[in-house]
Amino acid sequence: MSLKSERRGIHVDQSELLCKKGCGYYGNPGWQGFCSKCWREEYQKARQKQIQEDWELAERLQREEEEAYASTQHPQGAQSLTFSKFEEKKTNEKSRKVTTVKKFFGASSRAGSKKEVQETKAASPISRQVSVETDRVSKDFIEFLKPYHKAGQEIYKQCKLFLEAMHHKRELSIEEQSEYTQDFYQNVADKLHARWKVPPEKVEMAMDQIEKYIMTRLYKHVFCPETTEDEKKDLAVQRRIRALHWVTPQMLCVPVNEEIPEVSDVVVKAITDIIEMDSKRVPRDKLACITSCSKHIFTAIRTTKDEPASADDFLPTLIYIVLKGNPPRLQSNIQYITRFCNPSRLMTGEDGYYFTNLCCAVAFIEKLDAQSLNLSQEDFDRYMSGQASPKKQEAENWSADMCVGVRQMYRNLDLLSQLNEQQERIMNEAKKLERDLIDWTDGVAKEVQEIVEKYPLEIKPPNPALAAIDSENVENDKLPPPLQPQVYAG
């Protein structure tokens with residue numbers, strides 16, 4: 001007997017509407033004749049199979065690319081591809097891998113999905129030089145999103161859309177790009193909390209991975225951009241730190257004794273961490289370097305004082321570490337972390353605390369003056385100009401095991417300091433003598449001027465020339481001749 005039901009005026013056999021799997025529930029033509037439960041099961045099986053195949057293909061392509069790269073590093077031996085052919089093969093493999101990754105998060109059951117992937121790839125504006133680190137981060141990110149299922153797909157899609165949007169926003173100011181990134185972090189975190197009901201600890205892990213994925217690709221575009229003055233500030237800070245090379249731990253009241261071998265080793269590790277910060281590309285990794293440096297500082301203080309370190313001891317020691325290490329591009333790294341780090345990490349936790357202290361240390365160095373170091377302004381100016389340096393350790397305070405070369409170096413430095421002081425004293429006396437001569441010359445000239453003004457010199461016209469006695473006698477030709485002397489003989 002066949003049961004019949006009436007739907008929209010059409011008589012259909014009820015047996016034709018049952019699930020194809022034979023579970024007894026009604027099937028749905030839109031689900032290929034399966035019921036909702038069986039359709040989900042079949043879909044999950046097909047999807048897991050597709051995922052496995054995609055990852056096997058991606059791993060095989062990765063191995064082939066590594067082998068091709070290795071062959072270019074060792075051109076001798078077996079015949080290798082020419083450079084042009086290798087570049088062509090690498091480009092093809094890269095395109096296939098991108099398609100594979102997008103295929104993983106795409107709907108495999110929909111018709112025309114390959115066409116959509118190809119259109120997306122062709123229209124994507126992101127063109128970058130694939131590096132080993134970028135490939136590794138992409139693989140780790142996809143692996144991390146697997147347990148999130150649908151939420152992972154949506155996260156990956158949002159990240160790709162964000163990267164494409166950032167490509168179009170490169171003409172905007174770095175502050176606007178930073179604001180857009182912070183909004184993206186906030187929106188994704190809200191969706192993880194509200195829509196996908198992800199636990200808070202997993203939300204933090206997901207946000208760290210999202211930051212790592214997107215900032216690895218954006219690093220070269222948003223770190224120290226040409227439109228800002230970050231590079232100029234970096235050079236100013238470096239010059240300032242170099243000029244303060246003479247600052248000693250005693251001037252900063254640093255409770256660290258570097259003569260203790262354990263303390264000296266920890267100080268070197270702290271300096272290494274703060275310098276290594278510049279080599280990281282992700283803001284969280286840069287913060288990790290700052291945190292590691294800070295923990296080494298606390299260890300050095302605790303070892304020196306043999307008691308727990310306090311915050312009052314930490315900041316002066318951090319300032320000393322920055323002065324001694326002179327980290328490269330310090331201001332650029334601080335600005336990069338401030339602009340593009342996950343805000344929840346900066347506002348809470350030890351990472352945010354140590355980063356705030358680093359910002360305070362840099363601000364202190366930029367405004368460091370004589371009063372900050374308990375020095376006179378004259379000594380501070382001499383030290384800054386290089387005319388003098390702080391006195392070194394006295395000979396009677398040298399330890400018995402001090403190297404002979406170090407002792408001789410200190411003696412030479414003391415001798416140079418004495419010679420420098422003598423030269424400076426002579427120069428001051430010479431300048432004083434010069435000023436005295438100038439004052440004496442000005443005084444003499446002033447007195448002469450006053451005398452001239454008091455007794456002015458009057459120059460009278462010359463008298464007329466005297467005429468000859470007989471010049472007016474016109475009858476001189478009638479005069480008798482002049483008398484001639486006569487000599488009489490007695």
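A: pLDDT is the predictor's confidence in each residue, on a scale from 0 to 100. This is a predicted model, in which local features need pLDDT of at least 70 and side-chain atom pairs count only at pLDDT 80 or more, while totals for chains, interfaces and linings use all residues. Residues are numbered from 1 along each chain as its sequence is written, and side-chain values use heavy atoms, with hydrogens and water left out. The protein averages a pLDDT of 79, and 71% of its residues score at least 70.

Now the core. A nonpolar core is a set of buried Ala, Val, Leu, Ile, Met, Phe, Trp, Tyr and Cys residues joined through side-chain atoms within 4.5 Å; buried means under 20% relative accessible area, with a 1.4 Å probe and protein chains only. The largest one has 48 residues, of which Val247 and Ile290 touch the most other members. Two or more residues each come from α8 (230-243), α9 (249-252), α10 (261-276), α11 (283-305), α12 (311-325), α13 (330-340), α15 (349-366) and α16 (377-385). Helices here are DSSP runs (H or I, at least four residues) and strands likewise (E, at least two), numbered from the N terminus. The largest share, eight residues, belongs to α11.

Leaving out residues up to four places away in sequence, Ile290 touches Ile274, Met277, Ile337, Tyr354, Phe355 and Leu358; contact means heavy atoms within 4.5 Å. Apart from this core lies another, of 37 residues, including Phe141, Tyr219, Val222 and Phe340.

As for confidence, α13 has the highest mean pLDDT among the elements (97), and strand β1 (residues 4-7) the lowest (38).

Terms used. Buried < 20%, exposed > 50% of the residue type's maximum accessible area, 1.4 Å probe, protein only.
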